[in-house]
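Biologist: I have not looked at this one before. Can you walk me through it?
Modeller: Here it is.

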Amino acid sequence: MKVVSLLPSATEIISRLGLEKNLVGVSHECDFPESVALLPKLTSSNINNNELSSSNIHKSVMEVMKRAVSVYDLNLELLTSLKPDFIITQDLCDVCAVSFEQVEQACQEVLDKNARIISLKPKVLRDIWDDVQNVADQLSVNEKGREFHEEMESRIKALQTRRRDGASPKVLTIEWIDPIYIGGMWLPEMIAIVGGQVCIAESGQPAPVVNREDLEKIEPDVVVMSKAVGGSLPLAVLGIKRKFDAWQPAGHTGTFRGNQLAMGTGLATINTIKEQNLAQNAQQRGDFLQAELKKLAQEFPCIGNVRGRGLMI
């Protein structure tokens with residue numbers, strides 16, 4: 001049995017089910033377990049996101065979608081040579097991975113009619129468990145799927161028992177910086193499991209897009225930021241009010257460590273912002289620029305609206 005995974009989460013599911021040896025190809029974004037790095041990569045991105053800001057990546061993706069072109073390419077020649085029995089993909093987000101329509105068309109054009117597509121489309125945690133079981137059933141490892149579900153249920157119960165009495169911090173998850181996307185789908189459920197109050201998002205719903213004025217109306221106790229917060233470096237930020245910090249000295253250890261370069265540059269940036277009063281400087285210069293631009297707007301009708309925060313105008 002030969003399996004192709006076109007989604008990082010699908011690759012991890014295959015590995016968790018004990019079928020890593022059956023993988024013959026993966027997407028360009030699949031990086032865990034580390035051994036899959038040696039497998040052929042069937043996809044590539046039409047967006048060079050290593051050199052673009054969060055805002056410009058978003059604009060580039062929207063432009064590609066407007067032209068009815070996929071954000072990702074699927075290597076049909078390589079797919080043909082691999083001759084997979086199963087292709088695992090998704091049918092949830094056309095900008096997150098190769099679209100279901102691309103995969104379906106590829107199967108019709110270059111693969112044997114017996115090749116089967118397994119599509120993932122979770123919106124809530126229950127959907128994830130069902131998707132894992134569906135993959136397990138179709139790949140004839142039914143019991144492995146049930147074992148996974150039982151393990152997840154046990155871990156969730158263990159987390160719920162660790163809740164602090166009376167502590168229910170407000171949590172805001174941000175999955176894209178510019179524009180601001182708030183984590184949706186199953187993320188609100190994950191926050192609720194550990195006793196948090198979800199800010200803005202709703203369980204099972206797509207990530208809502210908000211502006212900075214919306215964020216000013218809430219005061220979260222925990223803020224989680226990822227993806228674009230580190231620019232081209234792998235960096236995430238967890239901000240938490242001290243009263244909700246439950247870890248005692250030596251209460252949390254691990255054999256992993258973060259990206260030292262990213263953490264070093266991130267710390268240097270934070271120190272520079274504080275030492276040189278860059279936030280105050282940005283606000284003063286931004287106020288000046290907005291005032292001058294609004295004067296120009298009165299003179300030139302082609303200037304529609306002047307708005308922003310600090311130097312983000």
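Biologist: What is the order of the strands in the open sheet?
Modeller: This is a predicted model. Its open sheet has four strands in the order β2-β1-β5-β6, and the pairing is parallel.

Biologist: Which strands are at the edges?
Modeller: β2 (23-25) and β6 are the edge strands, each pairing on one side only.

Biologist: How much are neighbouring strands turned against each other?
Modeller: On average by 35 degrees, if direction is ignored.

Biologist: OK, take β5. How many bridges join β1 to β5?
Modeller: Three, between β1 (residues 3-5) and β5, and the two strands run parallel. Val3 has Phe86 in β5 as its bridge partner, and Ser5 has Ile88.

Biologist: And over how many bridges do β5 and β6 pair?
Modeller: Five, again in the parallel sense, with β6 covering residues 116-120.

Biologist: How many of the residues of β5 are buried?
Modeller: Five of five, for a strand that spans residues 86-90. Phe86, Ile88 and Gln90 lie on one side, Ile87 and Thr89 on the other, and both faces are covered.

Biologist: Which strands does α5 touch when it packs on the sheet?
Modeller: α5 touches β5 and β6, and its direction makes about 165 degrees with that of β6.

Biologist: Let's stay with α5. At what angle does it pack with α6?
Modeller: About 160 degrees, with the axes 7 Å apart. Here α5 is residues 125-138 and α6 is residues 142-161.

Biologist: So are α5 and α6 roughly parallel or antiparallel to each other?
Modeller: Roughly antiparallel, because angles over 145 degrees count as that.

Biologist: Is the crossing left-handed or right-handed?
Modeller: Right-handed, as α5 passes α6.

Biologist: Which residues meet there?
Modeller: From α5, they are Arg126, Trp129, Val132, Gln133, Ala136 and Asp137. On the α6 side there are Asn142, Gly145, Arg146, Phe148, His149, Met152, Glu153 and Ile156. The residues of this contact divide into six nonpolar, four polar and four charged.

Biologist: Different topic. Where does Ser70 lie?
Modeller: In the loop between α2 (54-66) and β4 (72-74).

Biologist: What does Ser70 touch?
Modeller: Asn46, Val64 and Gln102, if residues up to four places away in sequence are not counted. As for Ser99, which is 29 residues apart from Ser70 along the chain, the two C-alpha atoms are separated by 7.6 Å.

Biologist: One more residue, Thr173. In which strand is it found?
Modeller: Thr173 is in β7, which runs over residues 170-176.

Biologist: Why does Thr173 count as buried?
Modeller: Because its relative accessibility is 12%, and the cut-off for buried is under 20%.

Biologist: Which residues is Thr173 in contact with?
Modeller: Tyr181, Ile182, Gly183, Leu187, Ile191 and Val224, leaving aside neighbours within four places in sequence.

How values were computed
Residues numbered from 1 in each chain as written. Predicted model: local features only at pLDDT ≥ 70, side-chain atom pairs only at ≥ 80, totals over all residues. Heavy atoms only, no water. Axes fitted to C-alpha atoms, helices over the stretch in contact; angles between N-to-C directions. Parallel < 35°, antiparallel > 145°, perpendicular 65-115°, else oblique. Left-handed = near helix turned anticlockwise from the far one by under 90°. Contact = heavy atoms within 4.5 Å. Nonpolar A, V, L, I, M, F, W, Y, C, P; charged D, E, K, R; others polar. Buried < 20%, exposed > 50% of the residue type's maximum accessible area, 1.4 Å probe, protein only. Pairing = 2+ DSSP bridges.
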